[in-house]
Amino acid sequence: MDNFLELCRRRRSIRNYADRAVEKDKLDRILQCALMSPSGKRMNPWEFYVTDNRALIGRLQSCKQAGATMLKTAPVVVAVALDTSLIDTWQADGAIAAQNILLAAEDEGLGACWCHVYQRDEAEQVVRREMGIPAHLTVLCLISIGYKNEERRQYELEKLNYQKVHFVS
Ligand SMILES: Cc1cc2nc3c(=O)[nH]c(=O)nc-3n(C[C@H](O)[C@H](O)[C@H](O)COP(=O)(O)O)c2cc1C
């Protein structure tokens, strides 16, 4: 692993994956990173549903009309589901866990992409049905993970929009 700035520069959404399985030890470390995510009042409202079943992932691809292309080739998918009754910060908690997964995947030499599910058409129903996610959990997103089959340019520090940063004294 190199330094965190370089990791953030390299991490891009990867939507095209090589036909190569993700090793179990890599996936285990990625999930460990998810389980160490901070959450409001440490309620840990997330549940992670993981699959490497290509037939299932193919069915997940139909969960919405656009924005799910990454599922066409993804060898692994993680659904980030939240128990919204536990804490009102659930959406932030889920997003942080998802970001840990995205960064951990990059750190393992893999690519990943967020596929949004929450409040997207019928997507949540499809994902819940296909992955057996119980009704009391809300599905925030699917994260596709796999070896990259596309080149994405890394971020250039000189081109970042520093006007988004407001120093206040
Ligand atoms: C909340 C959220 C929802 C997203 N939903 C989708 C999606 O449904 N489909 C998709 O292809 N990418 C999705 N993305 C990925 C974004 O398009 C991507 O992060 C953005 O274009 C910046 O590119 P980068 O990740 O390569 O830096 C989502 C990202 C976030 C943070």
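Colleague: How do strand 2 and strand 4 pair?

Modeller: In this predicted model, strand 2, residues 76-82, and strand 4, residues 138-146, run in the antiparallel sense and are joined over 7 bridges.

Colleague: Which residue of strand 4 is the bridge partner of Val77?

Modeller: The partner of Val77 is Ser144.

Colleague: And in what order do the strands of the sheet come?

Modeller: The sheet is open and is formed by 4 strands in the order 1-2-4-3, with antiparallel pairing. Strand 1 (46-51) and strand 3 (111-116) are the edge strands, and each of them pairs on one side only. On average, neighbouring strands are turned by 20° against each other, if direction is ignored.

Colleague: Turning to the helices, which strands does helix 2 lie across?

Modeller: Helix 2, made of residues 24-35, lies across strand 1, strand 2 and strand 4. Its direction is at about 165° to strand 1.

Colleague: Then which strands does helix 4 touch?

Modeller: Helix 4, residues 90-107, packs on the sheet and touches strand 1, strand 2, strand 3 and strand 4. The direction of helix 4 makes about 5° with that of strand 4.

Colleague: At what angle do helix 2 and helix 4 pack?

Modeller: The angle is about 150°, and the axes of the two helices are 8 Å apart. Angles over 145 degrees count as roughly antiparallel, and helix 2 and helix 4 are therefore roughly antiparallel to each other.

Colleague: Is that crossing left-handed or right-handed?

Modeller: The crossing of helix 2 and helix 4 is right-handed. Helix 2 contributes Ile30, Cys33 and Ala34 to the contact, while helix 4 contributes Ala97, Asn100, Ile101, Ala104 and Ala105.

Colleague: How many residues of that contact are nonpolar, polar or charged?

Modeller: There are 7 nonpolar residues and 1 polar residue, with no charged ones.

Colleague: A change of topic: how many salt bridges are there?

Modeller: The count comes to 12 salt bridges, taking a side-chain nitrogen of Lys or Arg within 4 Å of a carboxyl oxygen of Asp or Glu.

Colleague: With which residue does Arg29 form one?

Modeller: Arg29 forms a salt bridge with Asp25, and their closest N and O atoms are 3.5 Å apart. Arg29 and Asp25 are separated by about one helical turn, because they are 4 residues apart in helix 2.

Terms used
Residues are numbered from 1 along each chain as its sequence is written. This is a predicted model: local features need pLDDT of at least 70, side-chain atom pairs count only at pLDDT 80 or more; totals for chains, interfaces and linings use all residues. Side-chain values use heavy atoms; hydrogens and water are left out. Two strands pair if DSSP finds at least two bridges between them. Axes are lines fitted to C-alpha atoms, for helices over the stretch in contact, and angles run from 0 to 180 degrees between N-to-C directions. Contact means heavy atoms within 4.5 Å. Angles under 35 degrees count as roughly parallel, over 145 as roughly antiparallel, 65 to 115 as roughly perpendicular and the rest as oblique. A crossing is left-handed if the near helix is turned anticlockwise from the far one by less than a right angle, and right-handed if clockwise. Ala, Val, Leu, Ile, Met, Phe, Trp, Tyr, Cys and Pro count as nonpolar, Asp, Glu, Lys and Arg as charged, and the others, Gly among them, as polar.
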